[in-house]
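Please work through the following exercises with the sequence and the model at hand. Each task is followed by a stepwise solution.

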Amino acid sequence: MGAIFDDELKRLRGRFMEMGIDASEQIYQATKAFTEKDAQLAQQVLDTDHQLNDEEIQLEKQALKLMALQQPVATDFRKIISILKASSDVERLGDYAAHIARAGIRLSAADDDEQVEQQIEKMMMIVRQMLEKVMDAYVYTDEQKAYEVANEDLQVDLIYVQQQDAIMDALVKSREDVKSYGTYLSVIRYLERAGDHIVNLAEWIIYSGSGKLVELNPGKADPEMVKRKLAKGE
């Protein structure tokens, strides 16, 4: 394709990278608001929830226009489609950030399980690192890094299962805290699902580079893997 197509594809990638940066920041701010019981910060996250939705719509318009006007060959078509599909996963990350922010508003200052909240912060940090790495991999269509990011999701799954079990045990001991522990369960689930969507991003990188649709989520490929690792104390 010509220089015009290359410039437009570069612009499309730039818009996609901006979405990734914004999603990472929203996840961080939402989790911070949740663990610090900061209702004002949580509301700020909710007030900007529309931002990623708007960015996705603009990216879709730009991608469709590029395909219609430039009529790309198969390899370039895959690059556009992978970004178009991946933008939907990035937008979902913003949705999870909003869910976490709402959970933060529901949780009162009296509801405090420091151990669970530390693990929630750890999950958030891993998710953000995965997102930053996968967005970097998009720039260079780095399939090796895409595989590495997908494998890191296992860390998120391990924490999720561990904390889910710990929370359920706590609920058995204290029925009075059903509401707060139910909220904790929701938040770790949102972060676990965020990790899955980042794995989806890694899969779209593989598609962009090779044309292959692959399943990279270790939990889906081997549902018993997490349980085996926990049993071994890994």
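**Exercise 1.** Determine how H2 and H4 are oriented to each other, roughly parallel or roughly antiparallel.

*Solution.* The model is predicted, so local features need pLDDT of at least 70 and side-chain atom pairs pLDDT 80 or more, whereas totals for chains, interfaces and linings use all residues. Residues are numbered from 1 along each chain as its sequence is written, and side-chain values use heavy atoms, without hydrogens and water.

Step 1. Take helix H2 (residues 39-47) and helix H4 (residues 74-106); helices are DSSP runs of H or I with at least four residues, numbered from the N terminus.
Step 2. Their packing angle is about 150 degrees, and the axes lie 9 Å apart; axes are lines fitted to C-alpha atoms over the stretch in contact, and angles run from 0 to 180 degrees between N-to-C directions.
Step 3. H2 and H4 are therefore roughly antiparallel, a term for angles over 145 degrees.

**Exercise 2.** Identify which residues of H2 and H4 meet, and classify them.

*Solution.* Step 1. On H2, the residues are Ala39, Ala42, Gln43, Val45 and Leu46. Step 2. On H4, they meet Ala97, Ala98, Ala101, Arg102 and Ile105 (contact: heavy atoms within 4.5 Å). Step 3. These residues comprise 8 nonpolar, 1 polar and 1 charged; Ala, Val, Leu, Ile, Met, Phe, Trp, Tyr, Cys and Pro count as nonpolar, Asp, Glu, Lys and Arg as charged, and the others, Gly among them, as polar.

**Exercise 3.** State where Ser186 lies and how far it is from Gln164.

*Solution.* Step 1. Ser186 belongs to helix H7 (residues 178-210). Step 2. Ser186 and Gln164 are separated by 22 residues in sequence and by 9.7 Å in space, C-alpha to C-alpha.

Terms used. Helices (H or I, at least four residues) and strands (E, at least two) are DSSP runs, numbered from the N terminus. Angles under 35 degrees count as roughly parallel, over 145 as roughly antiparallel, 65 to 115 as roughly perpendicular and the rest as oblique.
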